[in-house]
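Please open the model in your viewer and keep the selection panel at hand. The tour moves from one selection to the next, and at each stop it says what is there.

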Amino acid sequence: MAAPLPPEAQFHIEVIKLLLQVATSDDRVTREEIDAIIETARGFSVPLTELSALTRCLHEGQPLPPPNLSALRQDPKAVLDAVHALVIGDGHLDESEIAMIRQIRELLGIAP
């Protein structure tokens with residue numbers, strides 16, 4: 001049985017789950033988005049087993065696990081920084097991405 005992850009590691013996994021949700025929200029995932037998510041996961045030191053399980057969902061067309069919002073609310077600025085980096089990574093921001101950011105802000109309890 002694996003040891004429980006420290007709270008910081010669990011938070012980082014939840015951020016990656018959210019980023020995967022954001023990347024798939026337009027029903028297409030670009031190579032740039034995947035690269036950005038993997039880079040973020042590496043920066044957060046997300047365990048490879050966790051990252052592999054999440055990306056396997058993408059490859060196999062399975063539903064992605066929803067992120068734990070209460071965990072994400074612990075550091076909403078870090079969450080929004082990661083989301084912003086992902087959505088502007090391709091050099092442009094479209095209306096659906098703006099709407100997604102607004103929705104995430106609302107879910108995290110951040111005033112507009």
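By class, the lining of the second largest cavity has no nonpolar, three polar and six charged residues, where Ala, Val, Leu, Ile, Met, Phe, Trp, Tyr, Cys and Pro count as nonpolar, Asp, Glu, Lys and Arg as charged, and the others, Gly among them, as polar. To see this lining, select Asp-26, Arg-28, Thr-30, Glu-33, Asp-90, His-92, Asp-94, Ser-96 and Glu-97. The space that they line amounts to about 70 Å³. A cavity here is a set of points, on a 1 Å grid over the protein atoms alone, where a 1.4 Å probe fits but cannot get out, and lining residues have an atom within 4 Å of a point. Grid points are joined across faces, edges and corners, and the volume is the space filled by probe spheres set on the points.

This is a predicted model, in which local features need pLDDT of at least 70 and side-chain atom pairs count only at pLDDT 80 or more, while totals for chains, interfaces and linings use all residues. Residues are numbered from 1 along each chain as its sequence is written, and side-chain values use heavy atoms, with hydrogens and water left out.

Next, select Val-22, Ser-25, Asp-26, Glu-33, Leu-86, Val-87, Ser-96, Glu-97 and Met-100, which line the largest cavity. Its volume is about 80 Å³, and by class its lining has four nonpolar, two polar and three charged residues.

Now zoom out and switch to a cartoon view. The chain has six helices and zero strands, with helices (H or I, at least four residues) and strands (E, at least two) taken as DSSP runs numbered from the N terminus. The radius of gyration, taken over C-alpha atoms, is 14 Å, close to the 13 Å that the globule rule (2.2 Å times the number of residues to the power 0.38) gives for 112 residues, so the chain is as compact as a globular protein of that length. Along its principal axes the C-alpha trace spans about 45 × 30 × 25 Å.

Finally, colour by accessibility: buried residues, meaning those under 20% relative accessible area with a 1.4 Å probe and protein chains only, make up 33% of the 112 residues.

How values were computed
1 Å grid on protein atoms, 1.4 Å probe; cavity = no way out; pocket = protein on both sides within 12 Å on 5 of 7 lines; lining within 4 Å. Buried < 20%, exposed > 50% of the residue type's maximum accessible area, 1.4 Å probe, protein only.
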